[in-house]
Amino acid sequence: MIVNKAYRYRIYPTTAQKMMFAKTFGCVRFIYNKMLSDRIDYYKETGQKLNNTPAQYKEDFPWLKEVDSLALANAQLNLNKAYSHFWNDSQHFGKPRFKSKKNSRASYSTNNQKGSVRIEGHKVKLPKVGWVKLCQHRPLPENSIIKTVTISKTPSGKYYISMLVEYENQVLPVIPKTFLGLETAYASSIAPAGQEFMAS
């Protein structure tokens with residue numbers, strides 16, 4: 001049986017890596033808000049949905065090319081999900097909101113493509129960032145595959161990585177146990193009074 005499970009670890013980036021994380025956090029927030037703004041304006045003008053993507057903004061904002069492209073793609077997926085929830089059930093889900101630098105959690109998600117994210121020793125490799133020191137207090141399941149990771153920074157300045165891994169959970173078959181004497185005891189209890197049960 002294939003199982004998905006998340007693991008969260010503390011990471012200790014260098015000063016240069018912290019700068020790259022900050023740039024990625026900012027780019028993800030920017031592209032989300034920019035795409036949301038353009039969709040709102042387009043709907044007001046045409047009454048239709050706008051299917052915009054991060055790639056079409058890189059010419060006007062070339063600094064978007066400096067960060068992990070999959071982090072931007074995941075921002076688009078999050079926006080699409082928010083819109084889908086709103087259109088399908090507006091009573092329970094409000095309109096997508098802009099992400100504030102002050103109120104939004106500093107984070108971004110990326111995907112593992114052909115080993116772009118992997119653990120070796122006490123370090124984890126991340127796209128555009130390189131090898132980051134990792135405190136892996138518990139191992140990942142044997143033969144597990146890292147699918148996606150989310151990098152986050154707490155208000156106190158600590159950095160964490162959450163890994164969603166996929167692995168095969170081997171369920172051992174249940175072997176029924178035979179209890180000696182159980183059948184004889186049951187038969188004796190139902191035999192007529194004064195008669196002994198004769199096992200064949």
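1. Contacts across the sequence. Among contacts between residues at least 6 apart in sequence, 65% join residues at least 24 apart. The model under discussion is a predicted one. Of the 200 residues in the protein, 30% are buried.

2. Secondary structure. The protein contains three helices and seven strands. Followed along the sequence, these elements give the pattern β-α-α-β-β-β-β-β-β-α.

3. In soluble globular proteins, nonpolar side chains tend to be buried together. Here the largest nonpolar core has 37 residues, and those touching the most other members are Ile11, Phe21, Val124, Leu126, Ile161 and Met163. Two or more residues come from each of β1 (2-12), α1, α2 (69-88), β4 (123-126), β5 (130-135), β6 (145-153) and β7 (159-168). Helix α1 gives the most to this core, namely nine residues.

4. Phe21 and its surroundings. Apart from its neighbours within four places in sequence, Phe21 is in contact with Ile11, Pro13, Tyr108, Leu126, Val129, Val132, Ile151 and Tyr159. Both Phe21 and Tyr108 are buried.

5. Aromatic pairs. The whole structure holds seven aromatic pairs. In one of them, the ring centres of Phe21 and Tyr108 are 6.3 Å apart and the ring planes stand at 50°, so the pair is tilted. Because Phe21 lies in helix α1 and Tyr108 in strand β2 (residues 106-111), this pair ties together parts that are 87 residues apart in sequence. One aromatic cluster is formed by Phe21, Phe25, Tyr108 and Tyr159.

6. Arg39 belongs to helix α1 (residues 15-46).

7. Salt bridges. How many salt bridges does the count give? The count comes to three. In one, the side chains of Lys23 and Glu66 meet at 2.7 Å, N to O. Since Lys23 lies in helix α1 and Glu66 in the loop between α1 and α2, the pair ties together parts that are 43 residues apart in sequence. Lys23 is partly exposed, with a relative accessible area of 37%, and Glu66 is also partly exposed, at 38%.

8. The other salt bridges. Asp38 pairs with Lys34, with the closest N and O atoms 3.7 Å apart. Both residues lie in helix α1, four residues apart, about one turn of the helix. Lys34 is partly exposed, with a relative accessible area of 28%. Arg118 forms a salt bridge with Glu120, where the closest N and O atoms are 3.1 Å apart. Arg118 counts as partly exposed at 30% relative accessibility, as does Glu120 at 45%.

9. Positive phi values. Most residues other than glycine have a negative phi. Lys114 has a phi near 55°, a positive value in a residue that is not glycine. Lys114 is placed in the loop between β2 and β3 (118-120). Is Lys114 buried or exposed? Lys114 is exposed, its relative accessible area being 91%. Lys128 likewise has a positive phi, of about 70°, although it is not a glycine; this residue lies in the loop between β4 and β5.

Technical notes: Residues are numbered from 1 along each chain as its sequence is written. This is a predicted model: local features need pLDDT of at least 70, side-chain atom pairs count only at pLDDT 80 or more; totals for chains, interfaces and linings use all residues. Side-chain values use heavy atoms; hydrogens and water are left out. A nonpolar core is a set of buried Ala, Val, Leu, Ile, Met, Phe, Trp, Tyr and Cys residues joined through side-chain atoms within 4.5 Å. Buried means under 20% relative accessible area, exposed over 50%, partly exposed in between (1.4 Å probe, protein chains only). Contact means heavy atoms within 4.5 Å. Rings of Phe, Tyr and Trp (its six-membered ring) pair if their centres lie within 6.5 Å; planes under 30 degrees apart count as stacked, over 60 as edge-to-face and the rest as tilted. A salt bridge is a side-chain nitrogen of Lys or Arg within 4 Å of a carboxyl oxygen of Asp or Glu.
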